Amino acid sequence: MTEATPQSKKILVVSAHPEARSLNAALTTFAVERLRGAGHEVRQSDLYAMKWKAALDADDFPEHGPDERLHVMGASERATLAGRLSPDIAAEQEKVLWSDAVILQFPLWWFSVPAILKGWIDRVFTAGFGYGPAVPPPYGEGSVLAGRRALLSVTAGARETSLLDRGIHGRLADVLHPVQHGLFWFTGMAPLEPFAVFGANDLPEEPFAAAKREYGRRLDGLFTDEPVPFRSLVGGDYGRDMRLLPGVEAPGTAGPDLHVRPRG
């Protein structure tokens, strides 16, 4: 491993693809090597290799009584605060807390993350860890996981134009909003603009080389690039009902863009 430097950071890379020879695996390997080459510490969670259990259920909370009704938020908060989650969840939470940045590497399947990655999110970000009354309020720099950067690295079989404004699939930023805003920013992590590789089902050598060059640039800027400027819940833009106040947005702004501060 590369010797740590005063500027070194700790980065968790979570990958979700069943094929070890896939484009996603290649991008994961590239990211780990690039980051370690820059002097950072890197830990990996290869969810398929780990045989990660995707479904949240009562087994996640070992002390939950078999005849007791499962109230997920209450059970997860009690187990989290008592340090009595299942060991696989506790290990992943420790990695998140250890990290200065989290990178999620995955293929875009049915306009979302693969089920195994959704299961990682569902099970790891328990009440009392990622949300709930026992932790700071969401959507802001003071939230529970504040101080961390977050980056999505996504592959899509679709062409880029179909995931742009007026594209039939919708803007990629809108498709990824539930993760960017609903997971990262909700818990206080500062998400960067996603990195995406399009036409991923059959990517010739030259476009793959170009993609790696661009991904390398994005990885180099993991701690210096400006994150998406999402609005803070407590920044004066929202009312007590958690709705954006009238007139705060620029004229013509709609949809998820309402929750992004104007740049510049």
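This is a predicted model: local features need pLDDT of at least 70, side-chain atom pairs count only at pLDDT 80 or more; totals for chains, interfaces and linings use all residues.
**Two pairs of helices**

Two packed helices are described by the angle between their axes and the distance between the axes. Helix α1, which covers residues 23–37, and helix α7, which covers residues 205–220, have axes that come within 10 Å and cross at roughly 40 degrees. That angle makes α1 oblique to α7, and the crossing in which α1 passes α7 is right-handed. On the α1 side the contact is formed by Leu 23, Ala 26, Leu 27, Phe 30, Ala 31, Arg 34 and Leu 35, and these meet Phe 208, Lys 212, Tyr 215, Gly 216, Arg 217, Leu 219 and Asp 220 of α7. Sorted by kind, the residues of this contact are 9 nonpolar, 1 polar and 4 charged.

The second pair consists of α3 and α4, whose axes also come within 10 Å but cross at roughly 90 degrees. Because angles of 65 to 115 degrees count as roughly perpendicular, α3 and α4 are described as roughly perpendicular to each other. Here Asp 88, Ile 89, Glu 92, Gln 93 and Val 96 of α3 meet Trp 120, Arg 123 and Val 124 of α4, and the residues of the contact divide into 4 nonpolar, 1 polar and 3 charged.

| Helix pair | Axes come within | Crossing angle |
|---|---|---|
| α1 and α7 | 10 Å | roughly 40 degrees |
| α3 and α4 | 10 Å | roughly 90 degrees |

The buried residues are Ile 116, Leu 117, Gly 119, Trp 120, Ile 121, Arg 123 and Val 124, and they pack against β1 (10–15), α3 (87–98), β3 and α6 (177–185).

**Two loop residues with positive phi**

In the loop between β3 (101–107) and α4 (115–124) lies Trp 110, which has a positive phi of about 50 degrees although it is not a glycine. Trp 110 is exposed, with a relative accessible area of 80%. Tyr 139, placed in the loop between α4 and β4 (149–155), is likewise a residue other than glycine with a positive phi, in its case near 60 degrees.

His 64 belongs to the loop between β2 (41–46) and α2 (72–82), and with a relative accessible area of 13% it is buried. Its side chain reaches the backbone oxygen of Glu 68 at 3.0 Å. When residues up to four places away in sequence are not counted, His 64 touches Ala 58, Arg 69, Leu 70 and Ala 75.

Asp 237 is found in the segment after α7 and counts as buried at 15% relative accessibility. Which side chain makes a polar contact with the side chain of Asp 237? The partner is the side chain of Arg 231, at 3.0 Å. With neighbours within four places in sequence left aside, Asp 237 is in contact with Arg 231, Arg 243, Leu 244, Leu 245 and Val 248.

Methods
Residues are numbered from 1 along each chain as its sequence is written. Side-chain values use heavy atoms; hydrogens and water are left out. Axes are lines fitted to C-alpha atoms, for helices over the stretch in contact, and angles run from 0 to 180 degrees between N-to-C directions. Helices (H or I, at least four residues) and strands (E, at least two) are DSSP runs, numbered from the N terminus. Angles under 35 degrees count as roughly parallel, over 145 as roughly antiparallel, 65 to 115 as roughly perpendicular and the rest as oblique. A crossing is left-handed if the near helix is turned anticlockwise from the far one by less than a right angle, and right-handed if clockwise. Contact means heavy atoms within 4.5 Å. Ala, Val, Leu, Ile, Met, Phe, Trp, Tyr, Cys and Pro count as nonpolar, Asp, Glu, Lys and Arg as charged, and the others, Gly among them, as polar. Buried means under 20% relative accessible area, exposed over 50%, partly exposed in between (1.4 Å probe, protein chains only). A polar contact is a pair of N or O atoms within 3.5 Å; within protein, one must be able to donate a hydrogen and the other to accept it, and residues adjacent in sequence count only if both atoms are side-chain atoms.
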